[in-house]
Amino acid sequence: MIELNEVTKEYSKGVAALNGVTLKIEQGEFVFIVGDSGSGKSTLIRLIMKELEPTSGTIVVNGQNLERLKHKQIPMYRRGLGVVFQDFRLLKDRNIYENIAFAQRVVETSPRIIKKKVPAALSLVGLAQKYKSYPKELSGGEQQRVAIARAIVNEPAILLADEPTGNLDPTNSWEIMKLLEEANERGTTVLVVTHNQEIVNEMRKRVVTMKKGVIVSDEQKGGYNNED
Ligand SMILES: Nc1ncnc2c1ncn2[C@@H]1O[C@H](COP(=O)(O)OP(=O)(O)OP(=O)(O)O)[C@@H](O)[C@H]1O
């Protein structure tokens with residue numbers, strides 16, 4: 001599903017943010033990516049999104065070598081990815097319904113399907129009643145739930161979350177993680193970058209630990225810092 005082979009990324013010559021990373025994630029897995037600040041976690045996510053190009057090495061997602069993806073194929077490729085960020089990234093001047101519908105119009109979903117799918121996605125995250133609200137009228141936890149609804153509305157094969165609970169209190173953080181877990185249970189492959197030790201230790205998923213651009217451990221049912 002996601003395969004990185006000896007991937008190196010240098011933002012400036014000779015300084016590697018990722019250094020020869022090889023990683024294989026199978027369809028349907030739930031994987032935490034942890035590690036110190038600057039260890040290369042976000043770089044990894046951005047490479048998978050094809051927002052960045054590796055300096056060397058190959059990345060294959062859903063059988064597609066990203067290097068061979070033509071410019072005009074990138075929107076279609078990203079359609080198969082749901083992405084959630086720490087800062088929610090909602091459109092401030094549009095209501096919740098429109099935030100999610102907009103994401104679908106971008107990928108040319110028909111209006112008939114949009115009308116069906118937006119309320120369904122909002123129900124999944126428990127916000128069906130708030131479809132007319134604007135982002136500023138929602139709490140941080142609710143805004144992140146909208147971002148998750150937007151990420152899952154196209155039923156992506158892969159969900160990438162970069163610090164999705166970074167701005168949230170513990171209760172909301174758990175709610176967000178549960179939604180990611182539910183998406184995983186519906187078959188989506190989920191990759192979560194996080195600093196949240198408690199959640200990683202409780203959930204006992206696969207944990208990939210990065211340090212200075214390399215993977216230093218990769219454990220099934222792992223914990224933060226691999227303390228068992
Ligand atoms: N656009 C950029 N230009 C130059 N260097 C960059 C850029 N983005 C990241 N870096 C560098 O690459 C390294 C890895 O950064 P990255 O953001 O991937 O780390 P991270 O593990 O996600 O960190 P954090 O936990 O703080 O988000 C860091 O040394 C960072 O300074």
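# Exercises on a predicted protein model

The protein has seven helices and ten strands, where helices (H or I, at least four residues) and strands (E, at least two) are DSSP runs numbered from the N terminus. This is a predicted model, in which local features need pLDDT of at least 70, side-chain atom pairs count only at pLDDT 80 or more, and totals for chains, interfaces and linings use all residues. Residues are numbered from 1 along each chain as its sequence is written.

## Exercise 1: Overall form

Task: Determine how the radius of gyration of the protein compares with that of a compact globule.

Solution. Step one is the rule: the radius of gyration is taken over C-alpha atoms, and the globule rule is 2.2 Å times the number of residues to the power 0.38. For 228 residues, a compact globule would have a radius near 17 Å, and the protein has 17 Å, which agrees. Step two is the extent: the C-alpha trace spans about 50 × 45 × 30 Å along its principal axes. Step three concerns contacts (C-beta atoms, placed from the backbone, within 7 Å). Of the contacts with a separation of 6 or more, 66% join residues 24 or more positions apart.

## Exercise 2: Burial and the nonpolar core

Solution. A residue is buried if 20 or more other C-beta atoms lie within 10 Å of its own, exposed if 12 or fewer, and partly exposed in between, with C-beta atoms placed from the backbone. A nonpolar core is a set of buried Ala, Val, Leu, Ile, Met, Phe, Trp, Tyr and Cys residues joined through C-beta atoms within 7 Å. The largest such core has 60 residues, and those with the most contacts inside it include Ile33, Ile148, Ala149 and Leu160. As for Ile33, its contacts beyond four places in sequence are Lys41, Leu44, Leu191, Val192, Val193, Val208 and Met210.

## Exercise 3: The ligand shell

Task: List the residues around the ligand and sort them by type.

Solution. A residue is near a molecule if its C-beta atom, placed from the backbone, lies within 6 Å of it. The residues around the ligand are Tyr11, Ala17, Gly35, Ser37, Gly38, Ser39, Gly40, Lys41, Ser42 and Thr43. For sorting, Ala, Val, Leu, Ile, Met, Phe, Trp, Tyr, Cys and Pro count as nonpolar, Asp, Glu, Lys and Arg as charged, and the others, Gly among them, as polar. The shell divides into two nonpolar, seven polar and one charged. Helix α1 gives the most to it, with three residues. Tyr11 lies in strand β1 (residues 2-12) and is exposed, with 11 other C-beta atoms within 10 Å.

Ile48 is also found in α1. With 22 C-beta neighbours inside 10 Å, Ile48 counts as buried, and it touches Ile2, Ile59, Val61 and Leu160 beyond four places in sequence.

## Exercise 4: Positive phi

Task: Locate Lys50 and Lys212 and state whether each is buried, exposed or partly exposed.

Solution. Most residues other than glycine have a negative phi. Lys50, however, has a positive phi of about 60°. Lys50 is found in the loop between α1 (41-48) and β4 (56-61) and is partly exposed, with 18 other C-beta atoms within 10 Å. Lys212 has a positive phi near 45°. Lys212 lies in the loop between β9 (206-211) and β10 (214-219), and with 14 C-beta neighbours inside 10 Å it counts as partly exposed.

Notes:
Contact = placed C-beta atoms within 7 Å.
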